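Here is a short report on a ligand site and an annotated domain. Please look at the sequence and structure first.

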Amino acid sequence: MSTGDTAERSLEHWSEAGRTGMEAFYALATEDYRQLALAADWAHLLGQRARDGWSLLDVACGSGKFPTALRTYADLGEVPDVAYDLLDPSAFSVDETRAVLAAPFVARHDLVMTLQDLPDAYAGYDVVWATHALYALPPAELDLAAERLVAALAPGGLGLVAQATAASHYLVFYDAFRAGVRDATPYTTAEQVRDALVRAGADVRDQRVAYRTGTSDRAVVEGFLQRCAFDDSVSLAEMESAPVLGDYLASCRASDGSYTFSHEAALLWL
Ligand SMILES: C[S@@+](CC[C@H](N)C(=O)[O-])C[C@H]1O[C@@H](n2cnc3c(N)ncnc32)[C@H](O)[C@@H]1O
């Protein structure tokens, strides 16, 4: 089995060439961020940390879906502006997020690098979050990544890592894809991230949110699943007839052909 494959395919897809696939994915996955925005009193949590010169680190900023959901579903009108640093190994992602940020989030540094590579100098953040961010992180580098994240947070700061659990669609799907279509390095689960954060010295509170997404539009299902696997060479019909993966997809499909995917996100509060 190769080891760098999943991380490499993730980086290839977080690019201008991967824009169509990204947009297909978010036809369903925008719900992941709405759920996070509704799971806490964000105006209160952020307001508590606000002070002159405060700062926030968005780890694996993607395309800015989480700050966008916060601005849509949380009332941040009273939260003072915060200097917002964007970390992602994809320059495309950093640019995408920078383009959608708006008050109270004020873009500051572009950190085009992996979390594992974050230098010591980037520390003292009042808020650090990583939302649906660390799946493609190679398991062997998870402890280092967790140490970097914990070290970046100021004492008393607010940290959140939101990630799907092992029982959730993204993890179950990718395990079935690996078994039935193409072997690859597995995704990192919320449970593995939580244990790594604890090993890194963090005091972690684990909040769970369960929800479903779905559609009867096969083109949407195909685009969503291809992005879940960072592989747009396999059609929905091929996935449905693959060993292991076909069984999983059958369990998500109703008799009318519509699909429902079950999700459980862990909100790991530091
Ligand atoms: C699903 S997106 C995250 C979504 C984002 N949090 C949002 O609010 O839209 C995953 C991102 O993780 C990034 N990524 C992958 N490996 C990473 C690593 N080791 N360190 C930091 N970011 C990574 C990818 O480049 C991609 O932009």
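## Polar contacts

A polar contact is a pair of N or O atoms within 3.5 Å; within protein, one must be able to donate a hydrogen and the other to accept it, and residues adjacent in sequence count only if both atoms are side-chain atoms. The model is predicted: local features need pLDDT of at least 70, side-chain atom pairs count only at pLDDT 80 or more, and totals for chains, interfaces and linings use all residues. Residues are numbered from 1 along each chain as its sequence is written, and side-chain values use heavy atoms, leaving out hydrogens and water.

A backbone N or O atom of F66 lies 2.8 Å from an oxygen atom of the ligand. For G64, a backbone N or O atom is 3.3 Å from a ligand oxygen. For C61, the corresponding distance to a ligand oxygen is 3.4 Å. The protein covers 93% of the 610 Å² of accessible area that the ligand has on its own (Shrake-Rupley method, 1.4 Å probe).

## The shell

The ligand is surrounded by 23 residues (a heavy atom within 4 Å). The closest are K65, F66, D88, Q116 and T131. The shell divides into 11 nonpolar, 10 polar and two charged residues; Gly counts as polar here.

## Annotated domain

The UniProt annotation "domain: Methyltransferase type", from an unreviewed entry, covers residues 57-158. Such annotations may be inferred rather than shown by experiment. The end C-alpha atoms of residues 57-158 lie 11 Å apart. This span is 29% helix and 28% strand (DSSP runs; helices H or I, at least four residues; strands E, at least two).
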